[in-house]
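Reader: Can you walk me through this one? I'd like the fold, the confidence and a few residues.
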Amino acid sequence: TEAGLSIALAASKRLTPFIDLAYVKEDTTAAAYQAELTTDGATDLNASAADGYITYGGGFILNLSNKVNGYIDVKETTNREDFSETTVSGSLRLKF
């Protein structure tokens, strides 16, 4: 289940800033692992259970001309027990 909100402000015709916010709730079943034949002295990792986490970020939509457009987007994933991440993505499209 994911609930989110995206807002874009038309500041100018060429550059449109936006923000993105989402709360994600995953319903997963517990993971099952095959039992080891012998004890190796190390504690195995448990499966992660993402009970709920938040993704937020923002960026810019570029409309430089009718032949040049694209976007840049930065997002952060937080409130997870097993990891947090930052993602940067983008594109630039040129029409000939």
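Author: One term before the numbers: buried means under 20% relative accessible area, exposed means over 50%, and partly exposed is in between. This is a predicted model. Of the 96 residues of the chain, 19% count as buried.

Reader: OK. How many helices and strands are in the chain?
Author: The chain has five strands and zero helices. Along the sequence the pattern reads β-β-β-β-β.

Reader: And what does the chain average in pLDDT?
Author: The average pLDDT is 78, and 69% of the residues score at least 70.

Reader: Which elements have the lowest and the highest mean pLDDT?
Author: Strand 1, residues 2-8, is the lowest with a mean of 74. Strand 5, residues 85-94, is the highest with 94.

Reader: Now the pairing. How many bridges join strand 2 to strand 3?
Author: Ten bridges, with the two strands running antiparallel. Strand 2 covers 15-24, and strand 3 covers residues 53-63. One of the bridge pairs puts P17 with F60 in strand 3.

Reader: In which sense do strand 4 and strand 5 pair?
Author: Strand 4, residues 68-78, pairs with strand 5 in the antiparallel sense, over ten bridges. The partner of V68 in strand 5 is L94. Six residues lie between the strands in this hairpin, and N79 takes a positive phi near 65° there.

Reader: What is D73 in contact with, apart from its sequence neighbours?
Author: Leaving out neighbours within four places in sequence, D73 contacts F18, G58, G59, T87, V88 and S89.

Reader: Which residues form the nonpolar patch on the surface?
Author: L5, I7, L9, I19, L21 and Y56, with about 570 Å² of accessible area together. Strand 1 and strand 2 are the elements that give two or more residues to this patch.

Reader: What is R14 in contact with, beyond its sequence neighbours?
Author: With neighbours within four places set aside, R14 contacts I61, L62, N63 and L64. R14 and N63 are 49 residues apart along the chain, yet their C-alpha atoms are separated by 4.4 Å.

Reader: Over the chain, what share of the contacts with a separation of 6 or more comes from residues 24 or more positions apart?
Author: Such residues account for 45% of those contacts.

Methods. Residues are numbered from 1 along each chain as its sequence is written. This is a predicted model: local features need pLDDT of at least 70, side-chain atom pairs count only at pLDDT 80 or more; totals for chains, interfaces and linings use all residues. Side-chain values use heavy atoms; hydrogens and water are left out. Helices (H or I, at least four residues) and strands (E, at least two) are DSSP runs, numbered from the N terminus. Buried means under 20% relative accessible area, exposed over 50%, partly exposed in between (1.4 Å probe, protein chains only). Contact means heavy atoms within 4.5 Å. pLDDT is the predictor's confidence in each residue, from 0 to 100. Two strands pair if DSSP finds at least two bridges between them. Patches are made of residues with over 30% relative accessible area and no salt bridge: like charges are joined within 9 Å, nonpolar side chains (Val, Leu, Ile, Met, Phe, Trp, Tyr) within 5 Å. Accessible areas come from the Shrake-Rupley method with a 1.4 Å probe; for residues, only the protein chains shown count as cover. A salt bridge is a side-chain nitrogen of Lys or Arg within 4 Å of a carboxyl oxygen of Asp or Glu.
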